[in-house]
Amino acid sequence: MDKKYLLSIESSCDDTSAAVLCNKKVLSNVVATQKIHEQYGGVVPELASRAHQKNIVTVVHQALAKANIDKRQLSAIAFTRGPGLLGSLLVGTSFAKSMALALDIPLIEVNHMEAHILAHFIEDDEMKAPPFPFLGMTISGGHTQIVLVKDYFDMEVLGETLDDAVGEAFDKSAKLMGLPYPGGPLVDKNAQNGNPNAFSFPKPKVDGLNFSFSGLKTSILYFLQKQTQQNPDFIKENIDDICASVQYTILEILMDKLKLAAKQTGITHIAIGGGVAANSGIRARLKEAEQTLGWTTYIPKFQYCTDNAGMIGIVGYLKYLEGFQSNPNIAAQARYAIGTST
Ligand code: KG4
Ligand code: ZN
């Protein structure tokens, strides 16, 4: 097949990323993670936008250099149009628009949420692509969604969070335990030495396939307040058990909804993505479900789980094959529902 090189740009939140693809293969995937937010315990939108402006030229340059591709070899430029923080999206959008105009090549908009799901179609020896139809679950710091994927661009959101995202539930719980931001990976690490049944937290009662995580955070707060009143060293002495119990509750919530989705749709091909897909507990639970529930599960490589331009590039390439081209006057869109891009 004809070799086509595509540059993709992602700037929806706090990671500035650029990738170069050759057809479905990722040649380079450069991510500049903004450290500035750590001291604030969460992403500060204005600072994120400024950091994108500072990073984007270098990141794009590095992606081209690592792939050993000259910009004149590019056939198209894909970029994240939304959803995300508007100030952040504007940086990637403006950059992609001007570069495509200067090179006189097609500009292709990509929906970030579709990209998390279609990341499974990146050609890589360590990954396998799910067959259609499959269930996609995107779990990250900004998103929690279960999606019925009938085809590349035929998706239906079956359920999503009504409040906090699952990554936020990890990070906010970690913060209550005095762990630094982002606390998800630390909860995971401590949980591996703890007893998941040491403490129990209530699971939210949410109908259907939607999620809610804000109540969990409140119940952990009250629990820790009560315990530390009796023993000021409670958290320090029980950190592994608290992390294991919190993680267990979060994983139960995710698994319950996935089981319901599989039951309702009759689909047993389950593909997950997003930063929380790095969690060792969810990975183990999915592997277990292959044995106990007969599911086939798909987890992308870590670099394609967290926000990255590689996943934007694969969607860009799939759209390119269909002859899709964005209007050169296109604007970034902070709110951007799945299935409304083409
Ligand atoms: O996809 P991502 O990099 O960025 C967003 O789009 O939000 O996800 C980041 C989220 C953070 O909330 C982080 O704490 C969580 O993913 N995370 C984890 C783990 N690794 C990252 N949560 C639990 N266990 C992990 N191992
Ligand atoms: Zn994301």
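Helices (H or I, at least four residues) and strands (E, at least two) are DSSP runs, numbered from the N terminus. Good morning, colleagues. This is a predicted model, in which local features need pLDDT of at least 70, side-chain atom pairs count only at pLDDT 80 or more, and totals for chains, interfaces and linings use all residues. Residues are numbered from 1 along each chain as its sequence is written, chains are lettered from A and ligands numbered from 1 in the order in which they are written, and side-chain values use heavy atoms, with hydrogens and water left out.

I begin with the overall division. The protein is split into domain 1, covering 5–119 + 304–321, and domain 2, covering 128–299; these bounds come from an automatic or database domain assignment. Between the C-alpha centres of domain 1 and domain 2 there are 27 Å. The contact between them draws on 17 residues of domain 1 and 15 residues of domain 2, where contact means heavy atoms within 4.5 Å.

Next, the helix pairs. Axes are lines fitted to C-alpha atoms, for helices over the stretch in contact, and angles run from 0 to 180 degrees between N-to-C directions. Consider helix α1 (residues 45–67) and α2, whose axes come within 9 Å and cross at roughly 40 degrees. Their crossing is right-handed; a crossing is right-handed if the near helix is turned clockwise from the far one by less than a right angle, and left-handed if anticlockwise. On the α1 side, A48, S49, H52, Q53, I56, V57, V60 and L64 take part, and they meet G87, S88, V91, G92, F95 and M99 of α2. By class, the contact of α1 with α2 holds eight nonpolar, six polar and no charged residues. In this scheme Ala, Val, Leu, Ile, Met, Phe, Trp, Tyr, Cys and Pro count as nonpolar, Asp, Glu, Lys and Arg as charged, and the others, Gly among them, as polar.

G92 lies in helix α2, residues 86–103. Is G92 buried or exposed? G92 is buried, because its relative accessible area is 2%; buried means under 20%, exposed over 50%, and partly exposed in between, with a 1.4 Å probe and protein chains only. Not counting residues up to four places away in sequence, G92 touches I9, S11, I56 and F79. G92 and E10 stand 82 residues apart in sequence, yet their C-alpha atoms are 6.4 Å apart in space.

I turn to a second pair. Helix α7 (residues 234–265) and helix α8 (residues 280–292) pack at an angle of about 40 degrees, and their axes are 10 Å apart. The two helices, α7 and α8, are therefore oblique to each other: angles under 35 degrees count as roughly parallel, over 145 as roughly antiparallel, 65 to 115 as roughly perpendicular and the rest as oblique. From α7 the contact involves Q247, Y248, L251, E252, L254, M255 and L258, and from α8 it involves G281, I282, R285, L286 and A289. The residues of the contact of α7 with α8 comprise eight nonpolar, two polar and two charged.

K172, S173 and L176 of α4 make the contact with K217, I220, L221 and L224 of α6. That contact of α4 with α6 has four nonpolar, one polar and two charged residues.

T144 sits in strand β7, residues 144–151. At 2% relative accessibility, T144 counts as buried. Leaving aside neighbours within four places in sequence, the contacts of T144 include T138, I139, F211 and L254.

Finally, the backbone. Most residues other than glycine have a negative phi, and most peptide bonds are trans. Which peptide bond has omega near -5 degrees? The bond from G82 to P83 does, and it is cis; P83 is in the loop between β4 (74–82) and α2. The bond from Y181 to P182 is also cis, with omega near -10 degrees, and P182 is in the loop between α4 (166–176) and α5 (184–191).

N23, although not a glycine, has a positive phi of about 50 degrees. N23 belongs to the loop between β2 (15–22) and β3 (25–33) and is buried, at a relative accessible area of 13%. N68, likewise not a glycine, has a positive phi near 60 degrees. N68 is in the loop between α1 and β4 and counts as exposed, at 67% relative accessibility. Thank you.
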